[in-house]
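Here is a short briefing on how some strands pair up. Keep the sequence and the 3D view open as you read.

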Amino acid sequence: MKGRAMRFLMRAFALMLTVLLSVEAVSAAEPWKVSGRVVDTSGEPLAGVVVKMADKVEKTVAFCSTNGGGSFTLRFSGTPGADWTVTFAFLGFSPQTFTPAAMKDGMTVTLADAPLELKEVVVKVPPIKSHGDTLTYDVASFRSKADRNIEDVIKKLPGVDVDEKGAISYNGERINRFYIEGLDVVSGRYTIATRNISPDDILAVDVYENHQPKQVLKDVDFSNRAAINLKMKRKSMLKPIGNIKGGIGWDDDGATKWLGEGFGMFIAPSMQVLVTAKGNNWGTPYRNETKSLLPERGDETSAASDLYAEMPFGNPKIPSDRYFDNRSVTASVNTISKVGEYGKLNFTADYTDEDNRAANSESITYSNGEDPAIGFHERVESNPHSREAKFSMKIEENAPAHFVADKFSFRGSFADNGYSIFNSGDVAQMSRTDDYNFTNALDVTLRIGRQVVSFSSDIAVVNTPVSRISATDGVATMLAQRGGALSFTTAEKVGYSWMLSGVSTLGVNLRFESAYDKFKSEFTTGNASAANDVRGYDLQTVIEPQYTYKPDVRFNVKVLLPVTLTSMRFTDRLTDRRYPVDKTDIGVRTVVNFRLTAKFRGSMTLARTTRLGGITDYITNPVYLTYRQRTTFGSGTLNSTENYSAGTNLFFRDPIKAFFVTFNGLYRFGHNNRISGSNVTADEVASSVESRRNRSDMFTAALIISKNMRAWHTTFTLDGNVTSMRRKILRQQNPYRVGNTAYALHGAVSSTPFNGAVDLSVNAWYRTSVQKIDALGMRSDMDDLTAQGALSVHPIHSLEIYSQLYWNRATIGTDGTKESFFLGAGVRWHKGHFDIEFSGKNLTNCRSYAYSYFSDSDIYSYSFTLRPIEFLASVKYTF
């Protein structure tokens, strides 16, 4: 008995020992681990690649993803089975699969592009997704092979509009921010991004509805404007991307055409860089790429900044690349870096040089209330040359509890324009303007519990030391005028808001604005001379109580009652005449925002506003704008305009059905204390103002409908608007009431049928307007019909054959009908990183463009010489 018990205990002890040793061995064993790197076929690291280990029944037992450098480490606590798999997968690339035994430390896995497989995945992605106030447009659902940049794709998004300057609107309103991966690297100059970034690098376009840029004001200060955000593809981040393009060609006159452009971008989670360098004489202007399209400080001017127009003898409504013989150069640098969790440091700099030449004839018929009317006819050769350099630096801390930002900007603008005028006597006119702008904007907002305190300080100095114009007839000087201006402005604002409850906020804003302005000019002509020397200051104190009521997310109302105290002191130094003004005004603005359903929202606005003039009201001696056009800006009385307005905005959106409808309506009436007009003689046109009461009223309404038909790969847009306006003008010292009504209808279709083998875009506009001066029995009618089309065909995957056309027919009064037709075409071959393109413009070799319009009681007719038929061969390398 004892022996059997002893043997049993010994066996049990041995079994226990074996188990313990096995457990210890397993516990002591190293876990399975492999590290390596994933790259694409060019050797660039891939971030975000999913590395997954699965057992024999395809159950995931371990996984990880690659970091920004493409590195990974896959761990498993046990020993993988021989029939298990390790898969490397990334959207847009062919997956790679290994056995665990084949995995080695330090290995490099290469993934190849898989465009055909990507199509199957993209088809399953809805074109538009909605999450709260964010709409996400899938770029692959809207793009086509013919799209050169992301702006071409944004133009097709239902509910979004892009104008000819590149400005983006949503729900009929300009956007208030443009982001790339959540950062505003271009500081409002977003055409630098939209006209250079390839659609191949963008995964989606986000629209942030009712976007409040300051986190501290979220749910406190409601915004009706939206923001745009570009979401990058992961394969395009954490490495330099861009393109280099060069081209050479000729035109029908034998002139050589050239183009050289470069764009580079680096996007990382904490830093972004965009660089451009471009030049051409192929007709493409660059000035819009470096112009901010967002409302912000930095666009202040002096009284002489914009005295002389670039094209004072006619400015056609067709794109400038059809009539300007150009030499355009631009360069820009844009960077932004994150500083801490909420901080950002932004730096931008750019330079643009536009040297243009144009030729046209001009005929103007001025109605003077008598017969015969007075007219001018002349032929003009223009050479406007502008240069602009800009720089800005901004530091920002945008946190949930506080917002602090300071931005310094500089802009130097230089215009040196020449004109040769041929009529009964030849005239050479020259004008020059040098303009310098320095601004600094400080903005601080703090949220302390249920209280919000804000402070802002804006300072701007605009100096125009050179502003001159001269004209000669080849024998003697007809006109010599020189002048200059200075403007120094400050705006300090303190705001305080207190959230009385969960639904009510009471606040007050206190603003103190000051401006010191100076303007000098003097001219001599063959038989006259005059001068201006006006300077002084404008002080305004604004106390603005405000109340916001927001019972829930579907409704809010905001009432503002600004009380403005104005004190002006301007002096005419030549006559020692002084112009003191002390004025108090009370305004009101009420905004109601509502959301009836998840798809339908709107707003209504009621307001009374008063706008006061400034230094130009006291410039009472003539100033020449051209050799035969002079104006007197002021009458010695402060211009005061009082307006009452009521407006509404209604917006319906159904992202699932990709259907958007926007309606905007506004009625405004009011009066000011002066009437502007002109006196016309056979020698010149003299514009001036008189102190008379002038009532005006205006009504405008616009309807925009857009719909994407996913099954047809087509987006339809239809919009129309009507504007009616009445006001008084002066002609030969006699006041006349002018009425103008204009209607416009626009339709657009963008389609990519046959699985993208064809890309079709058609736009058509019909505009008609009627102008009446009942006292003179005058009526002027204008009808304008315009059609634009673009067609691209892809007979094989790498080849594109394209064409563009433009047709216009305009009729004005008894001036007859004028028609214009332009045709362009080209072929583009794409292979790997290279695009080879041969393009032609104005293939009909149309050499003139004529148009007419009326303004007040006058008819303006122009005929411009167009660029001849021209061709360009180019090569583009994308990296």
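Predicted model: local features only at pLDDT ≥ 70, side-chain atom pairs only at ≥ 80, totals over all residues.

Residues are numbered from 1 along each chain as its sequence is written, and side-chain values use heavy atoms, with hydrogens and water left out.

**Around β9**
- Strands here are DSSP runs (E, at least two residues), numbered from the N terminus.
- Strand β8 (residues 128-131) pairs with β9 through four antiparallel bridges; to pair, two strands need at least two bridges found by DSSP.
- β8 and β9 make a hairpin with two residues between them. Gly132 sits in the turn and has a positive phi of about 65°.
- β9 also runs antiparallel to strand β14 (residues 202-208), joined by five bridges. Asp138 stands opposite Ala204 in β14.
- Strand β9 (residues 134-138) is mostly covered, with four of its five residues buried. Buried means under 20% relative accessible area (1.4 Å probe, protein chains only).

**The four-stranded sheet**
- An open, antiparallel sheet holds four strands in the order β3-β2-β5-β6.
- β3 (60-65) and β6 (96-98) are the edge strands, and each pairs on one side only.
- From one strand to the next, the twist averages 15°. Axes are lines fitted to C-alpha atoms, and angles run from 0 to 180 degrees between N-to-C directions.
- Three antiparallel bridges link strand β5 (residues 85-89) to β6. Thr87 has Thr97 in β6 as its bridge partner.

Note on methods: Buried < 20%, exposed > 50% of the residue type's maximum accessible area, 1.4 Å probe, protein only.
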